[in-house]
Amino acid sequence: MSRTCVASAPGKVILLGEHWVVSGSYGLAASISLRASVECKEISCSRPEVRIASSLGGVIIDIRKPEKCSGPLCGLGYAAKHLVGILGIEPLCVQCRVASHIPVGAGLGSSAAVAVAFSAAYAGVHGVELDKSLINEAAYAAEEYNHGRPSGIDNTVASYGGLVLYKRGLGVKPLESRVELDALIVNTRIQRSTRRAVEYFQRNLSILEDIREDLIRLVDKLVLRGVELLEKGAIERFGRIMFLSHGLLNGMGVSIPELDWIVHTASAHGAYGAKLTGAGMGGSAIVVGDENALSAVEKECKKRGFEVYRVRLGVEGVKLKCK
Ligand code: MEV
């Protein structure tokens, strides 16, 4: 009898270090409790295809020639091809259904979560339960198709879950400690271009050429100290590092009044910390605090017309079930 496998994987949020990582500082990301899931089963057809259905539409990929496919789901064909190559398996014809609770285009790693869940479910249908490093590798092949040469942070968070530290040149490192905490992600719904934000930040940093290295080393310290505080459960002190990091990003020109408003509102309601997350100039902010503070901030932000997600940070990575 053919197998049906369902895998799920989390999205991600950047907690500290965005923009500065481009210039060589550490960055810290965490998984979030918004997940994508992919169900795959074997079907009969004459070629080793992957047929994918999702709310973005459907696609049929010949995994021997994924380059013939075009569209946002085609990267999954590269992940399948990669898996068939490294596992040395005879590829089956597989039908998959994608369902995701992660908003698309919000910097929350939705494409990587889908790629990770797909890789686990696709291998599962072939009777292989992969370790996380192989799932991560296959999902990176899909991410390369989608984003050129990404840092690999999104697929690593989706595979391993928890907290992930990264730095250019040193790569991406999932932390062993398990830290979970509640947060709000507040989406201003203001569209932004990551490229433009990165260019603007870098231009402003070049004006400060003489203290550029000092600033980058300061952010390194903030990120590494932030990790220590999270591991100790000192969330209030971690929150102060978030406020400080927002201030630095604001000083570099990548905040906007809406993001500043969210950070001020969070502070006024006693949240531990808040900052913009990702590229800025629009997009989302993240808020950390106790239940009372989060409820109050959520209410204010909704009143203002922002989209609010209540999330748990640091949740488990990819999960697979087959029957
Ligand atoms: C965007 O999500 C994060 C940035 O740091 C850009 C990057 O790391 O490539 C702004």
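The following legends describe close-up views of a predicted model. Local features need pLDDT of at least 70 and side-chain atom pairs count only at pLDDT 80 or more, whereas totals for chains, interfaces and linings use all residues. Residues are numbered from 1 along each chain as its sequence is written, and side-chain values use heavy atoms, with hydrogens and water left out.

**View 1. The hairpin of strands S6 and S7.** Strand S6 (residues 163–167) runs antiparallel to strand S7 (residues 171–174), and four bridges join them. Strands (E, at least two residues) and helices (H or I, at least four) are DSSP runs numbered from the N terminus; two strands pair if DSSP finds at least two bridges between them. Three residues lie between S6 and S7, and glycine 169 in the turn has a positive phi of about 90 degrees. Valine 164 stands opposite proline 174 in S7.

**View 2. Threonine 156 in helix H4.** Helix H4 spans residues 153–160. Threonine 156 is buried, with a relative accessible area of 5% (buried means under 20%, with a 1.4 Å probe and protein chains only). Leaving aside neighbours within four places in sequence, threonine 156 is in contact (heavy atoms within 4.5 Å) with Asn136, Gly161, Val164, Val172 and Pro174.

**View 3. The largest nonpolar core.** A nonpolar core is a set of buried Ala, Val, Leu, Ile, Met, Phe, Trp, Tyr and Cys residues joined through side-chain atoms within 4.5 Å.

Definitions and conventions: Buried means under 20% relative accessible area, exposed over 50%, partly exposed in between (1.4 Å probe, protein chains only).
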